[in-house]
Amino acid sequence: MSDPARYALLLARGQVVNHYQPIISLRSGKVLGVETLARLVNGSNLIQPAMFLPCLSTDALRDLLFASLPNGLATLAACDRTYPGLLMSFNVSPSVMLRRGFLDTLLEALSLHRMDADRITLEVLEDAEFPNPCAARELFQELRTAGIGIALDDVGSGYSSLNRLRELSVDKIKLDQAFVRELQRAPEGLHFVSAMLSLARGLHKPLIVEGVETAEIMHALGVLGVEGAQGYAIARPMPEAALMEWLDGRKAAPASREPCSLLGAYAAHLSIVEACRALQNQPLKFSWSDDVRNPHACSIGRYFDSNGLHETAFGWAHKRFHEIIDQSDIDPAAWEQAATDLWRCLQEAITTQAAETREAISAI
Ligand code: G
Ligand code: MN
């Protein structure tokens, strides 16, 4: 039997289980909600969505959503006993959303489970374009009027273009994993995260980043000011019982804004440079505070000091950046050059460190 036929058969037989992956606020450390992730059960194997989703027809995708919805809502009700008020996200393909009766079926399921519509969020997948943008706009309006949250999923990949973000009214933006997973190998990816964060802030929508695989990446995103995070460093997708245990054992810890790694320093430098640029661009009279002028008083300098990192290429680049800021008449080109030099030095150190860690792991 071909793979698509096997997946369709498993789905028709109801061989579907939900796993749940928490989404946390980096600001408060609190759990904001969980994303429902369907898995097909094939004997003792679980088949991941990346394998089977591309093989399913629109009808099958709709069946998948409405097969995972009742269990998801029951799990949400169970979570309420110990962790009230979480949100639950369900992934949905544009083609499924535009099927006749989609909203009614969704509302029926919610009413059957006595769950308020504002407890669920639909994550709109990037797997296809909306065939009818007018109908999509209307539906999004209806969903939002009903209280159902909408997130644009996997933004930055596939069809989740900026155009979709501009045209459709959504509540949240989820940045694709590809921009986050590789940050230790390619820290310059933080500029994409930062740009998306500015856009999300401008649109008054929280940005949630996916693919947060290490504590260092989570920390750097907190330094940058990202609101929500999801990924292996927080928790892997897990069945209901494991989710309950995880929630029971969870202690909320807000992300620190002080850099405590080179990637964190890269993120802090990014925030400082953007703030400086914005101020320099305005016809305002201002003087830099001592914290910005003094290389030992800024958060990056404090981190370098406490870890003996000043006498390094990036430590010198950091001092040079502050020397330029400290001049009474700042030369904008020299300032931009100094800002870029510090990123470049940090980037080199971070990627070298990541390569050494990989080598050390493979030697074990
Ligand atoms: O695109 P979407 O957000 O729906 O993708 C979720 C998928 O990504 C799930 O199948 C989940 O198992 C996987 N996933 C979740 N967190 C991580 C992570 O930190 N790294 C990687 N590589 N995959 C993840
Ligand atoms: Mn998703």
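Accessible areas here come from the Shrake-Rupley method with a 1.4 Å probe, and for residues only the protein chains shown count as cover.

## The chain as a whole

By that method, the chain exposes about 17,500 Å², of which carbon and sulfur atoms supply 53%. The model is predicted, so local features need pLDDT of at least 70 and side-chain atom pairs count only at pLDDT 80 or more, while totals for chains, interfaces and linings use all residues. Residues are numbered from 1 along each chain as its sequence is written, chains are lettered from A and ligands numbered from 1 in the order in which they are written, and side-chain values use heavy atoms, with hydrogens and water left out.

The C-alpha trace spans about 70 × 55 × 40 Å along its principal axes. The chain has 15 helices and 9 strands; these are DSSP runs numbered from the N terminus, with helices being H or I of at least four residues and strands E of at least two. Of the 364 residues, 47% count as buried. Buried means under 20% relative accessible area, exposed means over 50%, and partly exposed is in between (1.4 Å probe, protein chains only). A contact is a pair of heavy atoms within 4.5 Å. Among the contacts in the chain with a separation of 6 or more, 70% are accounted for by residues 24 or more positions apart.

Ser89, in strand 4, has a side chain that makes a polar contact of 3.2 Å with the side chain of Glu123. A polar contact is a pair of N or O atoms within 3.5 Å; within protein, one must be able to donate a hydrogen and the other to accept it, and residues adjacent in sequence count only if both atoms are side-chain atoms. Ser89 counts as buried, at 5% relative accessibility. Apart from neighbours within four places in sequence, Ser89 is in contact with Ile23, Val34, Glu35, Thr36, Thr121 and Glu123.

## Ligand 1

There are 17 residues around ligand 1, and those that come nearest are Asp154, Gln177, Glu210, Glu213 and Tyr232. A residue is near a molecule if one of its heavy atoms lies within 4 Å of it. For Asp154, a polar side-chain atom lies 2.7 Å from an oxygen atom of ligand 1. Gln177 likewise has a side-chain N or O atom 2.7 Å from an oxygen atom of the ligand. On its own, ligand 1 has 520 Å² of accessible area, and the protein covers 83% of that.

In helix 5 (residues 102-112), the buried residues are Phe102, Leu103, Leu106, Ala109 and Leu110. They cover an arc of only 125° around the axis, which puts them on the same side of the helix; the arc is that of the directions from the helix axis to the C-beta atoms. Their cover includes helix 3 (58-80), strand 4 (87-92), helix 4 (94-97), strand 5 and helix 6 (133-146). The face turned away from the buried side carries the exposed residues Glu108, Ser111 and Leu112.

## Loops and exposed positions

Most residues other than glycine have a negative phi. Arg114, which is not a glycine, has a positive phi of about 50°. Arg114 lies in the loop between helix 5 and strand 5 and is exposed, with a relative accessible area of 77%. His204 also has a positive phi, near 60°. His204 is found in the loop between helix 8 (190-202) and strand 8 (207-209) and counts as exposed at 74% relative accessibility.

Asp290 lies in helix 12 (residues 290-293) and is exposed, with a relative accessible area of 53%. Asp290 and Lys205 are 85 residues apart in sequence and 33 Å apart in space, C-alpha to C-alpha.
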